[in-house]
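Good morning, and thank you for coming. Please have the model in view as I speak.

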Amino acid sequence: MADAVESPQVDAIPYQEFDKITEKYKGDPSAIIPILQDVQEIMGYVPKNSIGYLAEKLEVSPAKIYGIVTFYAQFRLQPKGKYIIMLCEGTACHVNGAKLISKSITDELEIEGGQTTPDGLFTLEKVACIGCCSLAPVMLINEEVHAKLTPDATRKVLKDYVNKEAAAQN
Ligand code: FES
């Protein structure tokens, strides 16, 4: 008989790897930032369910670690999405409406810079010049360049990715 309640998805924590990291820094609680950097290098992000374990190893409160992870933009609590949107905010893109493009992405996907959609499909990253200023405003989605964007064109591009994914699932 199947359980009525599904278990929540829990990230597998490579405890031995984490132990090696904390041992490398001799469990020094003042080394939380480099420890978190190492964790993120292994996992691609800092899993929420690893925070309690690290806190115990370093003898600090989970709130302290959580505070650091959420304070510094370099850390992420979610894995990156399948599609990484790199929205250029360099000068040429800025003067050609990058802010409007940013707003249309946020409206469409409900994420801000540095965030990933709950379905794991998109991560939005805001970057400086990506070297195609004559095509401003520009965004890259993985390797693909989307140039001379307007808010409508941006929404269409995103919808096309969503539809492509939906079609691939069927
Ligand atoms: S400023 Fe956006 S590509 Fe150069």
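Strand β1, residues 83–88, pairs with strand β3, residues 139–141, in the antiparallel sense over three bridges. Within this pair, Leu87 stands opposite Met139 of β3. Strands count as paired if DSSP finds at least two bridges between them. The strands themselves are DSSP runs (E, at least two residues), as are the helices (H or I, at least four), and both are numbered from the N terminus.

Please note that this is a predicted model, in which local features need pLDDT of at least 70 and side-chain atom pairs count only at pLDDT 80 or more, while totals for chains, interfaces and linings use all residues. Residues are numbered from 1 along each chain as its sequence is written.

For contacts, I use C-beta atoms, placed from the backbone, within 7 Å; for angles, axes are lines fitted to C-alpha atoms, for helices over the stretch in contact, and the angles run from 0 to 180 degrees between N-to-C directions.

I turn now to a helix pair. Helix α1 (residues 15–24) packs against helix α3 (residues 51–58) at an angle of about 35 degrees, and their axes are 11 Å apart. In this contact, Tyr15, Phe18 and Thr22 of α1 meet Tyr53, Leu54, Lys57 and Leu58 of α3.

Finally, the backbone. Where is Pro137 found? Pro137 is in the loop between β2 and β3, and a cis peptide bond joins Ala136 to Pro137, with omega at about -5 degrees.

Lys26, in the loop between α1 and α2 (32–43), has a positive phi near 55 degrees, although the residue is not glycine. Is Lys26 buried or exposed? Lys26 counts as exposed, because it has 7 C-beta neighbours inside 10 Å; the limits are 12 or fewer other C-beta atoms within 10 Å for exposed, 20 or more for buried, and partly exposed in between.

Key. Two residues are in contact if their C-beta atoms, placed from the backbone, lie within 7 Å.
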